[in-house]
Amino acid sequence: MRRDRYTTVAIVLHWLIAAAILFQMQLPWRFHGLKTPEAFALIQLHKSVGITILVLSLARLGWRLANPPPPEPEGLTVWEVWLSKIVHWGLYGLMIGMPITGWIMVSTSKTGIPTVLWGAMPWPHVPGFAAMAPAGREAWNSVAHEGHELLGWGFYVLIGLHVAGALKHQLFGRDEPVLARMAPGAKAGRWLEPRLALIALGVIAAIGGAWLIHPRPPASAPMPPPPAAPVAAPMTPVAPPEAAPLKAPAEPLFSVSKWNLAKGSTLGFSTSWGGQALEGRFDQWTADIAFSPEALDRSHVKVSIDLASVATGDPQRDVALPGADFFDVAEHPKAVFTADRFEATGPNRYVAHGKLTLRGATKSVRLPFTLKIDGDKARMSGVTTLDRTAFGVGQGEWQATDQIPAQVTVKVQLTATR
Ligand code: HEM
Ligand code: HEM
């Protein structure tokens, strides 16, 4: 029997892939050049759709090699047959080349943001790039980026030719049943062909859907109850100043107490991104504390923060923050705050005058805090603001403060025992 259409598997894959590509091609128009949380979420969606297209296209190609297409309908000219062959193979090239250049681009990107397909399935970077020298990686990145962009324009051209060809045979070729090969039952020469209308609707839905979709932007991390806090009581705000006497009378005169950080202490920061509040915290930090209200002149504190332990509630963003554009932990793994000048400003209220070294820059920082000592236990709570740009946190496009303001609020709440 002479087959006059593609196999059902080929047809299903053709339309699925076509819809995904039309959807996919819209997303860059929405995220290009933007640094907003929504753009970030759209790029993650673009990566998921793109890798899905890669998998489906490889399946489609494999199926095609095992199941050759039906013979060309009679009535096509030789050049039409050749042109369609060139366009079809060109499309296969792009269906595979586009996702591969995209995959190389994200695998060589400085930000190193991981790909998590559909928010759930981790997808590796292209192997080999991680071990490459930065210059080599950068070269690959720019080639892949250029390639991705160029192939993208190629897609516009080939899809245009492809659809024009399909429409020409459908609308003007009574004896050229081409559309029927991919849309079984379509009658060549018929303008009011229901299958054509269905395809048009599908195209509109795929394109429109890409403009209407609002993927969930990365979440913000609420300040957590840190894992199992056996020692400390839950963090509570320090009681109002009036509640306690000015001095802790039990303190032996002039001795400076050493304090050990208890579990339950938190170090967090808050800022915003694209107008949305963003809360983060550091999970690993240590503090050397020698402090007595009676011996402020000999009190000193050193806090050391492991910047790679940053957590903001979105795993992909948390991989970007330690990168060169933000904390640059490869060069500066820790931030260190030291203070050895303290000032009492009221009952249970103090100001620490110290220095913060972050990303290679050292700046003076003033940290007002409240402190309540209860026997051998102390609770401290302090808030200050920093100018992230003074430390170079946010390089390149992130230097601008339209998306992420310069001022970042830092909050420390600690419980310590002596
Ligand atoms: C937008 C993304 C699209 C892509 C990537 C794409 C890709 C392809 C490829 C690679 C083939 C060749 C199949 C093979 O021989 O193995 C094909 C065939 C075909 N496509 Fe598309 N297509 C797209 C959209 C469309 C649209 C919108 C239409 C209809 C208006 C259409 C109609 C057809 C038809 C009728 C064939 C069979 C042509 C023949 O047998 O000579 N395609 N398509
Ligand atoms: C068939 C699949 C794909 C199509 C049709 C497609 C299409 C496009 C287009 C047209 C652009 C805009 C190019 C520009 O102006 O820079 C773009 C950008 C981008 N694509 Fe894809 N893409 C696909 C797959 C992928 C995959 C699989 C990834 C990553 C895993 C990816 C990652 C990106 C990224 C990160 C950008 C932004 C580049 C920038 O910084 O401007 N793409 N894509």
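## Overall build

The chain's secondary structure consists of seven helices and 13 strands. This is a predicted model. The C-alpha trace of the chain spans about 105 × 40 × 35 Å along its principal axes. The radius of gyration of the chain is 31 Å, whereas a compact globule of 418 residues would have one near 22 Å.

Of the 418 residues in the chain, 44% are buried. Among contacts with a separation of 6 or more, 67% join residues 24 or more positions apart. The chain exposes about 22100 Å². Carbon and sulfur atoms supply 66% of that area.

## The iron atom of ligand 2

Which residues coordinate the iron atom of ligand 2? They are H46 and H148. Each uses its NE2 atom, at 2.0 Å. H46 lies in helix 2 (residues 37-66), and H148 lies in helix 4 (residues 134-172). The two are 102 residues apart in sequence, so the pair ties together separate parts of the chain.

Why is the arrangement around the iron atom of ligand 2 octahedral? Its six donor atoms subtend angles of 86 to 179°, which makes it so. The test for six donors is that opposite donors are over 155 degrees apart and all others lie between 65 and 115. Ideal angles for six octahedral donors are 90 or 180 degrees.

The cut-off for buried is under 20%.

H14 sits in helix 1 (residues 8-31) and H162 in helix 4. This pair links distant parts of the chain, 148 residues apart.

H162 has a relative accessible area of 26%, so H162 is partly exposed.

Where is E176? E176 is found in the loop between helix 4 and helix 5 (179-182). E176 counts as buried because its relative accessibility is 15%. Leaving out residues up to four places away in sequence, E176 touches G75, L76, K168, H169 and A188.

E176 and W398 are 222 residues apart along the chain. Their C-alpha atoms are separated by 56 Å.

T312 lies in the loop between strand 8 (310-311) and helix 7 (315-320). Its relative accessibility is 0%, so T312 counts as buried. The side chains of T312 and D318 are joined by a polar contact of 2.6 Å.

H353 belongs to strand 10 (residues 349-358). Which side chain makes a polar contact with that of H353? The partner is E343, at 2.6 Å. Setting aside neighbours within four places in sequence, H353 is in contact with A339, D340, R341, E343, V365 and R366.

Definitions and conventions: Residues are numbered from 1 along each chain as its sequence is written. Chains are lettered from A and ligands numbered from 1 in the order in which they are written. This is a predicted model: local features need pLDDT of at least 70, side-chain atom pairs count only at pLDDT 80 or more; totals for chains, interfaces and linings use all residues. Side-chain values use heavy atoms; hydrogens and water are left out. Donors are N, O and S atoms within 2.8 Å of the metal (3.2 Å for Na, K and Ca); water is not among the atoms, so sites may look incomplete. Four donors count as tetrahedral if all angles lie between 85 and 135 degrees; four count as square planar and six as octahedral if opposite donors are over 155 degrees apart and all others between 65 and 115; anything else is irregular. Helices (H or I, at least four residues) and strands (E, at least two) are DSSP runs, numbered from the N terminus. The radius of gyration is taken over C-alpha atoms; the globule rule is 2.2 Å times the number of residues to the power 0.38. Buried means under 20% relative accessible area, exposed over 50%, partly exposed in between (1.4 Å probe, protein chains only). Contact means heavy atoms within 4.5 Å. Accessible areas come from the Shrake-Rupley method with a 1.4 Å probe; for residues, only the protein chains shown count as cover. A polar contact is a pair of N or O atoms within 3.5 Å; within protein, one must be able to donate a hydrogen and the other to accept it, and residues adjacent in sequence count only if both atoms are side-chain atoms.
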